[in-house]
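I opened the notebook to keep track of what I looked up. The entries follow in the order of my reading.

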Amino acid sequence: MANTDLTIVILAAGKGTRLKSALAKVLHRAGGRPLVEHVVRACQPLKPREIVAVVGYQAGDVNAALAPLGIKSALQEPQRGTGHAMLVARRAISSRAKFAILLPGDAPLIRTETLAALARAHRESGAAATILSAEIENPAGYGRIVRQGDGSVAAIVEDSALTGEQRAIREINSSIYCFTLEKLWPCLAALKPQNVHKELYLTDAIAVLRGKGETVQAVLASDPDEVLGCNTRADLAAVDSVFRRRKRAAIMDAGVTIELPETVLIDPEVAVGADTRIEPCVQLLGKTRIGSGCTIRTGSILSDAVLEDNVLVKPYTIVSASHLSRGTQVGPFAHLRDGARLEDNARVGNFVEVKKSVLGEGVKSMHLTYLGDARIGAGTNIGAGTITCNYDGVNKNPTTIGKRVFIGSDTALVAPVRVGDGAYIGAGSVITKNVPPDALGVARGHQVNKPGWAAARRRELAAGKQPAKSRARKRSQRRPKRKR
Ligand code: UD1
Ligand code: MG
């Protein structure tokens, strides 16, 4: 159901000085996405009137990251604090909105359900402001909720302004609030930059509201992890690990076994089918999709990969933007990169690299091989050390190999070149011309056998003579005698 009287404002204009980074804070990534994208995605299901992001520092880059998400933005220049940011957002807020959820772009773990509960609690109470608070073990750095004797909220006090007694308070301000807008606007106009940073703090609006006799409530988040902010690199790591844990839990819920789950990294858009087994130290990245009954063995990294059912990825294999059909097996130490496609039951073994190539059903390429820009028909066997020489220094050229072909070991296929169905290539060949179907292609130097040569050499060595070859070489190296 749409919330037509609700607007949502995301504060994303700050630099993030404490990260010591050239990149704006909200563009730093955790859980596989920029921080601010997580926040937007948590807000969208509430269907508010609008979502407004306040941008400022590196506004162009932040807007570019937000553009695909289809939200509004308001430029805060210069950035004069969280209270000032909300004043800037006002321009983009519809006059029809009665309530606003305000949240920082650097607290990405917040969930839609928690925001919905916050808005509900706010509407039901009739308060002017509802603060989402949390009790956390180490509240250092956060603003604290200061309550009166009767338990009602008196103010939010920033960490830098705490008295000794207040420092013991463990209930923190998440910086996520729901406000009744007609009550908030006059308070923002009254804010003064009375702090070390000379900024307008939104948090000061709470005391202003209380001074006017308005009700302010704070509701505790049931899961304190949800409000973790990312001000430092250590915060980013802590938040990332919560995202990763959540994603692994969801994947395991879907019927997937993960061994030593804390060592496995899975991006948010990855999907894995039931009865797949994931071994330790695996990374599943991007839009990777894995079917049922697969095994992803240790140390493998899959990004934007599609695996159908019953695929076996052996240890330390890299698969990027490639498609592995049913029953295929790859690795150990294989590298399948952009546009590799293995049809059913094809197999690729150790130290084999495949790029923009289709390996037909049941094709085997088990050892030390490079296949680039190649099409290989069903049932073909690629011998150890085969190289498709696809690059001539200017262009990439195709290699086409038919069905049931046998490519002998250490073959170089100089593209463009075609090998017909059922052909046979002798080991060690450099194939520069097309090979017709069912033919034998051999392209290598003829072998010469010299009977008894080795035995004769051994006899010479035993007799203390130099072998015939080195005597000849010495002679040729001697300078010609000068004529008298
Ligand atoms: C803020 C709160 C603090 C709370 C904490 C929770 C204030 C004054 N303090 O502190 O009580 O415990 O969040 O994480 O609000 N921003 C702008 N424009 C500005 C300044 C900031 O858009 O001019 C944005 C930042 O990009 C950030 C958010 O507002 O996304 C919060 O700013 P930040 O500097 O991180 O505030 P904290 O010190 O974390
Ligand atoms: Mg912060």
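Entry 1, strand pairing. Before counting anything I needed a rule: two strands pair if DSSP finds at least two bridges between them. I also noted that this is a predicted model. With the rule in hand I looked up β27 (residues 347-355) and β29 (residues 364-372), and found 7 bridges joining them, with the strands running parallel.

I traced a sheet of 9 strands, which is open and pairs in parallel. I read its order as β14-β17-β20-β23-β26-β28-β30-β33-β36. Which strands are at the edges? I found β14 (271-272) and β36 (417-419) there, each pairing on one side only. Inside the order I checked β20 (residues 306-307) against β23 (residues 323-324): 2 bridges join these parallel strands. V306 is the residue opposite H323 of β23.

Is L368 buried or exposed? Its relative accessible area is 52%, and exposed means over 50%, so I put L368 down as exposed. L368 belongs to a nonpolar surface patch, which it makes together with Y316, F333 and F351. The patch covers about 440 Å².

Which protein donors does the magnesium ion (ligand 2) have? I found D106 (OD) and N231 (OD1), at 2.3 to 2.4 Å from the ion. D106 lies in the loop between β6 (99-104) and α4 (112-125), and N231 in the loop between β11 (216-220) and α7 (233-253), so the pair ties together parts that are 125 residues apart in sequence. I checked their cover as well: both D106 and N231 are buried.

Last, I looked up the domain assignment, which gives domain 1 as 3-227 and domain 2 as 253-441. Taken over C-alpha atoms, the centres of domain 1 and domain 2 are separated by 49 Å.

Definitions and conventions
Residues numbered from 1 in each chain as written. Chains lettered and ligands numbered in written order. Predicted model: local features only at pLDDT ≥ 70, side-chain atom pairs only at ≥ 80, totals over all residues. Heavy atoms only, no water. Helix = DSSP H or I, 4+ residues; strand = E, 2+ residues; numbered from the N terminus. Patch = residues over 30% accessible without salt bridge, like charges linked within 9 Å, V, L, I, M, F, W, Y side chains within 5 Å. Areas by Shrake-Rupley, 256 points an atom, 1.4 Å probe, with all protein chains shown as cover. Salt bridge = Lys/Arg side-chain N within 4 Å of Asp/Glu carboxyl O. Buried < 20%, exposed > 50% of the residue type's maximum accessible area, 1.4 Å probe, protein only. Donors = N, O, S within 2.8 Å, 3.2 Å for Na, K, Ca; no water. Domains from an automatic or database assignment.
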